[in-house]
Amino acid sequence: MKTKEIIDSMTMKRAITRITYEIIERNKNLDNIVLAGIQTRGVPIAKRIQERLFQLEGVQVPLGSLDTKPFRDDIKVEEDTTMMEADVTDRDVILVDDVLYTGRTIRAAIDNLVSLGRPSRVSLAVLVDRGHRELPIRADYVGKNIPTSRAEEIIVKVEEIDGEDAVDLLTVD
């Protein structure tokens, strides 16, 4: 196996800032937005977007944490550790995740979200889109498109969990 860093901490910071600016441009009413980070690494990325939105626009956007495990079709877990700061009903919810791959995690996140209320709109922000969709899901906000083979893996590391910010490409020799 071979590991290669493809995004460093500065590039990651720029990608998150770019996503934040796109959110500002496409959403006229930031007061109606709720950010929902998908556990685990989507949560700190969503927190960073929340902080940038406050720095740039002075708006405190509610932030939640979605647990997809109880809603997945491949594993069954009873405990749901979801925490939402705000009611999602009639709000524009932006799901935030680290990597978009098959789309199955996003489907589970949407199932969890609609179990909490009925958002007026749901969009998706991802740090990395690596392709290989199995479901008809696409991201509205993408930090970086990184085409991969199925034999490769994208490893996102965030300071809050892993002690560093980086994205690595793991290749099986």
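This is a predicted model: local features need pLDDT of at least 70, side-chain atom pairs count only at pLDDT 80 or more; totals for chains, interfaces and linings use all residues.
Two strands are said to pair here if DSSP finds at least two bridges between them, and helices (H or I, at least four residues) and strands (E, at least two) are DSSP runs, numbered from the N terminus.

Residues are numbered from 1 along each chain as its sequence is written, and side-chain values use heavy atoms, with hydrogens and water left out.

Staying with β6, which covers residues 121-129, we find that β5 pairs with it in the parallel sense over eight bridges; Val93 stands opposite Val122, and Val99 stands opposite Val128. β5 also pairs with strand β2 (residues 33-38), again in the parallel sense, over five bridges, and there Ala36 stands opposite Leu95.

How is the path from β5 to β6 made, and with what hand? β5, helix α3 (residues 104-116) and β6 make a right-handed β-α-β unit, where right-handed means that, with the strands pointing away from the viewer, the path from the first strand over the helix to the second runs clockwise.

As to burial, I call a residue buried under 20% relative accessible area, exposed over 50%, and partly exposed in between, with a 1.4 Å probe and protein chains only. Nine of the nine residues of β5 (residues 92-100) are buried, so that strand is largely enclosed by the rest of the structure; seven of the nine residues of β6 are buried, so β6 is largely enclosed as well. Asp129, which lies in β6, is buried with a relative accessible area of 11%, and its side chain reaches the backbone nitrogen of Gly131 at 3.0 Å.

Turning to helix α1 (residues 9-26), its 18 residues reach 26 Å from first C-alpha to last, close to the 26 Å expected at 1.5 Å a residue, the expected span being 1.5 Å times one less than the number of residues. Its buried residues include Met12, Ile16, Ile19 and Ile23. An α-helix has 3.6 residues a turn, so residues three or four places apart point the same way.

Which residues have the most contacts inside the largest nonpolar core? That core has 30 residues, and the ones in question are Ile23, Leu35, Ile49 and Leu127; a nonpolar core is a set of buried Ala, Val, Leu, Ile, Met, Phe, Trp, Tyr and Cys residues joined through side-chain atoms within 4.5 Å. The elements that each supply at least two residues of this core include α1, β2, β5 and β6, and the largest share, six residues, comes from α1.

Terms used. A polar contact is a pair of N or O atoms within 3.5 Å; within protein, one must be able to donate a hydrogen and the other to accept it, and residues adjacent in sequence count only if both atoms are side-chain atoms.
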